[in-house]
Amino acid sequence: MKNLLCQNVGVDVSKDSLEVTFSTLEMDRRVKVKATRKFANTPAGFKQLQRWLESKRAAQVELRLLMEATGVYYEQLAWFLFQQGYQVSVVLPTKAKRYLQALGHRSKNDKIDARGLAQMGLEQRLELWQPLSPNIYQLRLLTRQLEEFTNQRTVCLNQLHALHHGALVVKQVERNLQKMVRVLENSLQELEEAIGELLYQDPLLAERVDKMLSIKGVGLKTVAVLLAETNGFATFERQGQLVSYAGYDVVEHQSGLRAGRTRISKKGNAHIRRAMHMPALSAVRFQEPRFVALYERLVKRGKTKMQAYVAVQRKLLVLLWTLWRKNEAYDPRYGQQPAEPKNNIQIQEAGASLSGVSAADKDAITQETQPETAEKEIAPAQARATQDELPVPVGPGALFQVE
């Protein structure tokens, strides 16, 4: 087995079965299918798959497994393999589909998909799958049901509105809709209470949550969705990774002299984007300085209001991630310089910002502008040094005090 570089197993997951292909990559870069087999998507089938893998794998050669994120049907297998010490990667179905198309596959069935996943795992260095903690998994189930019930309540209210403005009002239909709205509202209240209890049962977690809630417009449901959908921000080392995961990354369409439309990709977690919509509106409405400045600047440049709000969503998401990662409180006044004594302002103005002035000249200016009395007159709030008129730096690093 000295001619082997690595081994990979592609698993096409469905509700009832697992189509598995075992492939190897040799020293001459050839991909070779070693074996294929079908197993049941049950705990007994998982154990049979493990025994089969151990009988086929080559010792001392890396073995990885790759599967698609097919609904929730892949989760039990991924958990089992992770607990048994295997290296598992999970990709989105869209990514796997595009890879198979690039290989020239026109047909689609379980065997072709499993073989394509095995080859994809051999040729690409994919990130390893990390399971959610039980609390995060529970939080995700709660927040997604909260979102679903909220949508159902909106549908019922819209139907009631249409019924009341129609030609006839059928009392039975009205009572059914009103009953459904009451049931959903009670369920929503119970879900919100359960989410709050889950977030505040850990004092350390509660401390970070409170710091994120200090931003006007950000509520407990928003924070809960972010933590649930990002696994507590555990897998993001850079803000670009989070932005791409949420689908806020910018996609360009440019070729030669043609410049197409630039937009966000939306190829990410839609639950996060949906959760960031109302907080962005509220942050602008409540006059949070940095978000209002960004919104107004983009509108003046000709962007639509919705485009400006999307930019606010992105900035707010990055800010929340930074607060969580650094465990720092939000300071809305950061970057706003306090008023300085009048003599210091006179020094800067007399020295023309003191750029290019020698040390001796600076000392002379200081002596000329020093007051003779011990009392110092404080400058009015409107009077600021020239350097304070510069634009406030943009970016997550500019939103926090530097110790």
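This tour goes through a predicted protein model stop by stop, saying what to select in the viewer and what is found there.

**Before you start**

Residues are numbered from 1 along each chain as its sequence is written, and side-chain values use heavy atoms, with hydrogens and water left out. Because this is a predicted model, local features need a pLDDT of at least 70 and side-chain atom pairs count only at pLDDT 80 or more, whereas totals for chains, interfaces and linings use all residues.

**The whole chain**

Begin with the whole protein coloured by pLDDT, which is the predictor's confidence in each residue, from 0 to 100. The average is 81, and 82% of the residues score at least 70. In a cartoon view you will find 14 helices and nine strands; these are DSSP runs numbered from the N terminus, helices being H or I with at least four residues and strands being E with at least two. Of the 403 residues, 39% are buried, where buried means under 20% relative accessible area, exposed over 50%, and partly exposed in between, with a 1.4 Å probe and protein chains only.

Select residues 345–403 next, where pLDDT stays under 50 and the model has 55 contacts beyond four places in sequence; a contact means heavy atoms within 4.5 Å. Helix H14 (residues 359–369) has the lowest mean pLDDT among the elements, at 43, while helix H6 (residues 171–200) has the highest, at 96.

**H6 and H7**

Now show H6 together with helix H7 (residues 203–213), whose axes come within 7 Å and cross at roughly 120°. The axes are lines fitted to C-alpha atoms, for helices over the stretch in contact, and the angles run from 0 to 180 degrees between N-to-C directions. H6 and H7 are therefore oblique to each other, since angles under 35 degrees count as roughly parallel, over 145 as roughly antiparallel, 65 to 115 as roughly perpendicular and the rest as oblique. To see the contact, pick Leu198, Leu199 and Tyr200 of H6 and Leu205, Ala206, Val209, Asp210 and Leu213 of H7.

Move on to helix H8 (220–230), where nine of the eleven residues are buried, including Val223, Leu226 and Glu229. Just after H8, Asn231 takes a positive phi of about 60°.

Most residues other than glycine have a negative phi. Phe233 also has a positive phi, near 60°, and lies in the loop between H8 and helix H9 (239–246). Is Phe233 buried or exposed? Phe233 is buried, with a relative accessible area of 5%.

**Arg29, in a loop between strands**

Select Arg29 in the loop between strand S2 (17–26) and strand S3 (31–40). Arg29 has a positive phi of about 70° although it is not a glycine, and this residue is exposed, with a relative accessible area of 58%.

**Gln313, the last stop**

Finish in helix H12 (residues 305–326), where Gln313 is found and is buried, with a relative accessible area of 6%. Which residues does Gln313 touch, not counting residues up to four places away in sequence? They are Tyr248, Arg273, Met276, His277 and Ala280.
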